[in-house]
Each structure stands twice: as C-alpha cells, then as structure tokens.
Amino acid sequence: MSDFIYLASQSPRRSQLLQQLGVRHELLLSNAPGDVAEDAEAIEEVLPGEDPQAYVQRVTGLKLDAAVGRLARRGLPDAPVLTSDTTVALGTQILGKPADAAHALQMLAQLSGQTHTVLTAVAVQQGAQRWQALSVSSVRFMALSEAQMAAYVASGEPFGKAGAYGIQGRAAAYVEHMAGSYSGIMGLPVFETAQLLRQLGWQI
Ligand SMILES: Cc1cn([C@H]2C[C@H](O)[C@@H](COP(=O)(O)OP(=O)(O)OP(=O)(O)O)O2)c(=O)[nH]c1=O
C-alpha cells in the first residue's frame with residue numbers, strides 16, 4: 001500500500017482537511033511541462049435538467065478522469081489519487097462560484113433567510129479501482145441586510161467559493177443552523193474521505 005495519495009485540487013482547504021486526518025499527500029496540478037490544462041469551465045458545465053446530486057457526482061468523476069490521465073502521462077498509472085467537488089443548491093438550482101461582485105451579491109441575496117443544501121462528492125482511484133462518496137448538508141442563513149452583504153463581498157471571501165461564502169470564515173456569523181458535515185461544506189468531508197481511504201488500505 002502507498003503511504004501517500006495525490007490530491008488533485010487547487011483548494012487549500014482540501015489539503016488542510018487531508019492533513020487533519022494525518023494523510024500524507026502531494027498536490028497533483030496541471031503545471032508540469034507537457035501537461036494539458038483541462039478546461040475547468042467545460043468540466044463544471046451543468047447539463048440540461050441535471051439535479052445537483054447527479055451534477056456534483058458527475059463533475060467529481062470528470063475531475064478524477066483528468067487526474068488519472070495526468071498521472072498516466074507522468075508514468076504513474078497505479079498511484080492513488082483523490083478529487084472532490086462542492087456544489088451549493090437552492091432547491092434544484094445550482095449556485096457555482098461567483099464570477100464577479102454583482103454575481104456574489106445576487107447569490108447572497110438568494111441565500112439570505114433561506115435554507116440551502118451543500119453537496120460535496122469525493123472520489124479516489126488506485127489502478128483500475130474507483131470509489132466515490134457523497135456528503136449532503138443543510139445550512140440556514142439568517143436574513144442579511146444589504147449592508148451586510150455588501151461588506152461581505154468587499155471582504156473578498158466569496159470569491160473562489162461555491163455559493164459565494166465560506167462557512168469557515170466571516171460567513172459563520174450568518175449561519176443560523178447547519179446539519180451534516182462541517183468539513184464537507186468546507187470542501188472535503190473528513191468522515192466520508194476516511195471511509196474511502198480505508199478501502200485503499202489506510203488505517204484511519
Ligand atoms: C459553501 C462553501 C464552499 N467552499 C469552497 C470549497 C471549494 O473549494 C469551493 C467550491 O469549488 P470546487 O469546484 O468544489 O473546488 P475548487 O475549484 O476550489 O478546487 P478543485 O476543483 O481544484 O478541487 O468552495 C468553502 O470553502 N466554504 C464553504 O462554506
């Protein structure tokens with residue numbers, strides 16, 4: 001069994017959460033010479049009529065396909081690798097990452113005073129074997145004033161985050177209630193990740 005895993009993710013939170021589990025890992029990013037940068041926008045496109053649960057699992061699988069391809073091109077076809085995707089859903093509507101400040105404000109206005117779902121799928125592959133898990137959490141936001149939303153967007157925190165907020169940051173002050181997995185909302189559910197890694201032989 002390998003004593004480390006490749007983490008194919010740009011997200012510093014995911015690395016931090018793997019570290020919390022004591023899992024040695026190396027980042028697998030598309031920055032080596034000869035690497036083909038996959039088109040993240042194409043990977044994250046929502047199919048017509050696709051529900052959030054199907055979406056987040058499909059995108060995680062596509063991220064894993066890309067990562068496995070990258071490893072193969074580096075001559076490491078059997079190395080273990082992990083990917084994940086986090087999606088915020090308001091009913092059946094998928095809220096991705098905000099494109100700009102206006103988009104972030106619009107998403108926060110939608111989440112204000114409502115309960116939404118945060119879905120994070122995790123997938124690992126080693127050789128020909130692949131395992132995948134899904135974490136689903138529910139988060140209720142207090143009603144936010146225009147001034148609160150504007151200040152939060154100005155803090156810069158919404159950018160690069162699904163649903164335009166980070167529960168691990170200042171947005172914690174707006175979360176009235178949450179049920180599910182705090183780490184899953186942050187991007188990597190530690191319980192489900194540990195379960196997947198046990199399948200690969202890790203003792204966690
Ligand atoms: C809801 C929420 C999301 N997020 C983050 C987690 C994810 O990093 C991000 C959703 O984007 P993702 O597309 O899941 O991940 P990413 O682009 O950051 O990283 P990669 O695809 O390379 O693995 O939103 C928080 O950090 N806190 C939160 O409370």
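User: Hi! What kind of model is this, and what pLDDT do local features need?
Analyst: It is a predicted model, where local features need pLDDT of at least 70, side-chain atom pairs count only at pLDDT 80 or more, and totals for chains, interfaces and linings use all residues. Residues are numbered from 1 along each chain as its sequence is written.

User: Great. Which residues come nearest to the ligand?
Analyst: Of the 22 residues around the ligand, the nearest are S9, Q10, S11, I167 and G187. A residue is near a molecule or strand if its C-beta atom, placed from the backbone, lies within 6 Å of it.

User: And which elements give two or more residues to that shell?
Analyst: Those are helix 1 (12-20), strand 3 (81-90) and helix 6 (182-186). Helices (H or I, at least four residues) and strands (E, at least two) are DSSP runs, numbered from the N terminus.

User: Which one gives the most?
Analyst: Strand 3 does, with four residues.

User: How does the shell around the ligand divide by residue type?
Analyst: There are seven nonpolar, 10 polar and five charged residues in the shell. Here Ala, Val, Leu, Ile, Met, Phe, Trp, Tyr, Cys and Pro count as nonpolar, Asp, Glu, Lys and Arg as charged, and the others, Gly among them, as polar.

User: Changing topic: at what angle do helix 4 and helix 5 pack?
Analyst: The angle between helix 4 (residues 101-111) and helix 5 (residues 146-154) is about 135 degrees, and their axes are 10 Å apart. That makes helix 4 oblique to helix 5. Axes are lines fitted to C-alpha atoms, for helices over the stretch in contact, and angles run from 0 to 180 degrees between N-to-C directions. Angles under 35 degrees count as roughly parallel, over 145 as roughly antiparallel, 65 to 115 as roughly perpendicular and the rest as oblique.

User: Which residues make the contact?
Analyst: Helix 4 brings A101, A104, L105, L108 and A109, while helix 5 brings M149, Y152 and V153. Two residues are in contact if their C-beta atoms, placed from the backbone, lie within 7 Å.

User: Where is A164, and what about its phi?
Analyst: A164 sits in the loop between helix 5 and strand 7 (175-179). Its phi is positive, about 65 degrees, although A164 is not a glycine. A164 counts as buried, with 28 C-beta neighbours inside 10 Å.

User: What does L188 touch?
Analyst: Leaving aside neighbours within four places in sequence, L188 is in contact with R13, R14, L17, L18, S84, T120, V122, S183 and T193. L188 lies in the loop between helix 6 and helix 7 (190-199), and is buried, with 27 other C-beta atoms within 10 Å.

User: Last one: where is P80, and what is in contact with it?
Analyst: P80 is in the loop between helix 3 (52-73) and strand 3. With 22 other C-beta atoms within 10 Å, P80 is buried. Apart from neighbours within four places in sequence, its contacts are S2, I5, Y6, V124, Q126 and L200.

How values were computed: Buried ≥ 20, exposed ≤ 12 C-beta atoms within 10 Å, placed from the backbone.
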